[in-house]
Amino acid sequence: EGMSAVDNVANGLLYQGVSPADRRERSIAALERVGLGHRLWHAPNHLSGGARQRVAVARALVHDPAFVLADEPTGNLDSRSTGAVVDLIHGLHAEGTTIVVITHDPGIAEALPRQVSVLDGRIEHDSALLAGVAS
């Protein structure tokens with residue numbers, strides 16, 4: 001609660017043995033990447049719900065992952081903040097980051113380039129197969 005956005009994002013790098021200066025630099029870069037360069041030193045209680053979600057995305061991106069699993073990334077957000085997070089997902093995808101979004105919101109799913117519906121552990125629908133794209 002009392003950590004700034006920069007410290008919040010940098011915290012996960014501590015356990016990887018990253019130096020304090022590099023943690024800060026990488027944290028700032030990740031926050032700038034998600035559009036929060038102007039909120040680096042704000043505590044969570046001074047951030048909107050959408051900004052907090054983007055801090056969470058930055059926490060994942062700071063590790064330079066091959067892919068990101070985003071479980072209900074727009075849950076409990078207003079429509080404006082939801083739009084900002086969906087735009088962020090599209091931007092990250094355009095930059096080459098693979099993002100798997102898990103959602104129960106059909107509107108969010110429809111806004112993404114590929115939809116895979118799973119029921120009882122089985123794939124019910126895969127839009128890539130319908131479009132003739134190999135999975």
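What pattern does the protein chain follow when read along the sequence? The pattern is α-α-α-β-α-β-α-β-β-α. The model is predicted.

## Overall build

The protein chain has six helices and four strands. Its C-alpha atoms fill a box of roughly 50 × 30 × 25 Å, taken along the principal axes.

The chain has 135 residues, and 33% of them count as buried. Consider contacts between residues at least 6 apart in sequence: 51% of these join residues at least 24 apart.

Strand S1 covers residues 67–71. Its side chains alternate. Val68 and Ala70 point to one face and are buried.

Strand S2 covers residues 98–102. S1 and S2 pair in the parallel sense, over five bridges. In S2, Val100 is the bridge partner of Leu69. The chain gets from S1 to S2 through helix H4, residues 79–94. This β-α-β crossover is right-handed.

Two residues stand out for a closer look in the loop between S1 and H4: Glu72 and Pro73. Glu72 has a positive phi of about 50 degrees, although it is not a glycine. Glu72 is partly exposed, with a relative accessible area of 26%.

Is Pro73 buried or exposed? Pro73 has a relative accessible area of 9%, so it counts as buried, the cut-off being under 20%. Leaving aside residues up to four places away in sequence, Pro73 touches Gln53, Val85, Ile89, Val101 and Ile102. Of these partners, Val85 and Ile89 fall within the residue range of H4, and Val101 and Ile102 fall within that of S2. Pro73 and Val57 are 16 residues apart along the chain. Their C-alpha atoms are separated by 8.7 Å.

## The largest pocket

How much space lies in the largest pocket? The volume is about 620 Å³. The lining consists of 18 residues. Val100, Val101, Arg114, Gln115 and Val116 lie nearest the centre of the pocket. Val100 is also the S2 residue that bridges to Leu69, and Val101 is also one of the residues touched by Pro73.

Which elements supply at least two residues each to the lining? They are H4, S2 and strand S3, residues 116–119. S2 gives the largest share, five residues. By class, the lining has 10 nonpolar, seven polar and one charged residues.

Asp120 sits in the loop between S3 and strand S4, residues 122–126. Asp120 has a positive phi of about 50 degrees, although it is not a glycine. The relative accessible area of Asp120 is 73%, so this residue is exposed.

Glu72 also has a positive phi of about 50 degrees. Its setting is the loop between S1 and H4. Glu72 is partly exposed, whereas Asp120 is exposed.

Key: Residues numbered from 1 in each chain as written. Predicted model: local features only at pLDDT ≥ 70, side-chain atom pairs only at ≥ 80, totals over all residues. Heavy atoms only, no water. Buried < 20%, exposed > 50% of the residue type's maximum accessible area, 1.4 Å probe, protein only. Pairing = 2+ DSSP bridges. Right-handed = clockwise from strand over helix to strand, strands pointing away. 1 Å grid on protein atoms, 1.4 Å probe; cavity = no way out; pocket = protein on both sides within 12 Å on 5 of 7 lines; lining within 4 Å. Points joined across faces, edges and corners; volume = space filled by probe spheres on them. Nonpolar A, V, L, I, M, F, W, Y, C, P; charged D, E, K, R; others polar. Contact = heavy atoms within 4.5 Å.
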